[in-house]
Amino acid sequence: MHRTFILLLTLLLTVSAMGADQSLAREADQRRDGLSNLYNYDKNDSLIMLAPEDLAFFREHDLWNYYYDTWLLLVNTYVFSGKVNTGLQEVKRMHQDATDRDDKYGLALADYALGIAYLNMGYIDEAIDCYRQSLKLIRELKESPSCTSDVFSYYCDALSANKNYEEMKVVTAQWKQYLVDEEMKKKRGDASSFKVWYAYYYLSCAQMHLGLGQLVEAARDIDEVEKRSEGSGDFIPMAVLH
């Protein structure tokens, strides 16, 4: 009888712990998705107001990927709303935090965000170094951050601005392999959710081919962009063809 009671009590405690974990995961997802929606719809003041509370929540519960994802949104919000210096100060704090914790995920996102800040300030060489380091760290992670394709895109923008088309050849090849691998891993060959990522990829390829004077290849790339952006009102090119 005593043994049965202990087994039942253990089972109840296990179920309770599982329920708590599931509840925490749901709240974490809701907080992250809520901030992402604010970011996507340019609700900058609301995001800046709510982000510190969410950062504290994720830190308290050791949800470090959520934590750095949120910090990335905050930095980018400052930078893209014209508060570049504030964004630069914020990303330096983010980078130091990830360094102190030896968190490669956080460092990868911080380097990416720092690259965006530098690119917006016109420091192209510094931005390239940041994107290069970000991708180096991402390759060391078990799972790629959701912003990985964006890192490739901004990296290519910076290389194009420097007319470094030879390095773009290498980076676009790596980007294509990343997309193929992610598509097979997550979608079992269904490319529908990858349409916008591929559009950005081909846009960068078009930049590269135009820079190299390969007009036929550039035209093919642009055709691929149009195929994937057709009927997609949310596709706004990050890059401008030079």
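The chain averages a pLDDT of 88, and 83% of its residues score at least 70; pLDDT is the predictor's confidence in each residue, from 0 to 100. Over residues 236–242 the pLDDT falls below 50, although this stretch still has 20 contacts in the model beyond near neighbours in sequence. A contact here means heavy atoms within 4.5 Å. Where pLDDT is low, the predicted coordinates should not be read in detail.

This is a predicted model, in which local features need pLDDT of at least 70 and side-chain atom pairs count only at pLDDT 80 or more, while totals for chains, interfaces and linings use all residues. Residues are numbered from 1 along each chain as its sequence is written, and side-chain values use heavy atoms, with hydrogens and water left out.

**Helix packing**

Helices are DSSP runs (H or I, at least four residues), numbered from the N terminus. Their axes are lines fitted to C-alpha atoms over the stretch in contact, with angles running from 0 to 180 degrees between N-to-C directions.

| Helix pair | Angle between axes | Axis distance |
|---|---|---|
| α3 (residues 64–80) and α4 (residues 84–101) | roughly 160 degrees | within 7 Å |
| α4 and α5 | roughly 160 degrees | within 9 Å |
| α6 (residues 124–139) and α7 | about 150 degrees | 9 Å |

Let's begin with α3 and α4. Their crossing angle makes α3 roughly antiparallel to α4, a label given to angles over 145 degrees. The crossing of these two helices is left-handed, that is, the near helix is turned anticlockwise from the far one by less than a right angle. Among the residues in contact are Trp 64, Tyr 67, Tyr 68 and Trp 71 of α3, with Val 84, Glu 90, Arg 93 and Asp 97 on the α4 side. By class, this contact has 13 nonpolar, 2 polar and 4 charged residues. Ala, Val, Leu, Ile, Met, Phe, Trp, Tyr, Cys and Pro count as nonpolar, Asp, Glu, Lys and Arg as charged, and the others, Gly among them, as polar.

Helix α4 also packs with α5, and these two are roughly antiparallel to each other, with a left-handed crossing. The contact includes Leu 88, Val 91, Met 94 and His 95 of α4 and Leu 107, Ala 110, Leu 114 and Tyr 118 of α5. Its residues divide into 13 nonpolar, 4 polar and 1 charged.

Further along, α6 and α7 are likewise roughly antiparallel, and their crossing is left-handed. Ile 124, Ile 128, Tyr 131 and Arg 132 are among the α6 residues in this contact, and Val 151, Phe 152, Tyr 155 and Leu 159 are among those of α7. Here the classes come to 12 nonpolar, 2 polar and 1 charged.

**Aromatic pairs**

The model holds 16 aromatic pairs, counted where rings of Phe, Tyr or Trp (its six-membered ring) have centres within 6.5 Å. One of them joins Phe 152 and Tyr 178, a tilted pair at 5.9 Å centre to centre with 35 degrees between the planes. Phe 152 lies in helix α7 (residues 148–161) and Tyr 178 in helix α8 (residues 165–187), so the pair ties together parts that are 26 residues apart in sequence. Planes under 30 degrees apart count as stacked, over 60 as edge-to-face and the rest as tilted.

**Two loop residues**

Asp 62 is not a glycine, yet has a positive phi of about 55 degrees; this residue is found in the loop between α2 (44–60) and α3. Asp 102, also not a glycine, has a positive phi of about 50 degrees and sits in the loop between α4 and α5 (104–121).

Terms used: Angles under 35 degrees count as roughly parallel, over 145 as roughly antiparallel, 65 to 115 as roughly perpendicular and the rest as oblique.
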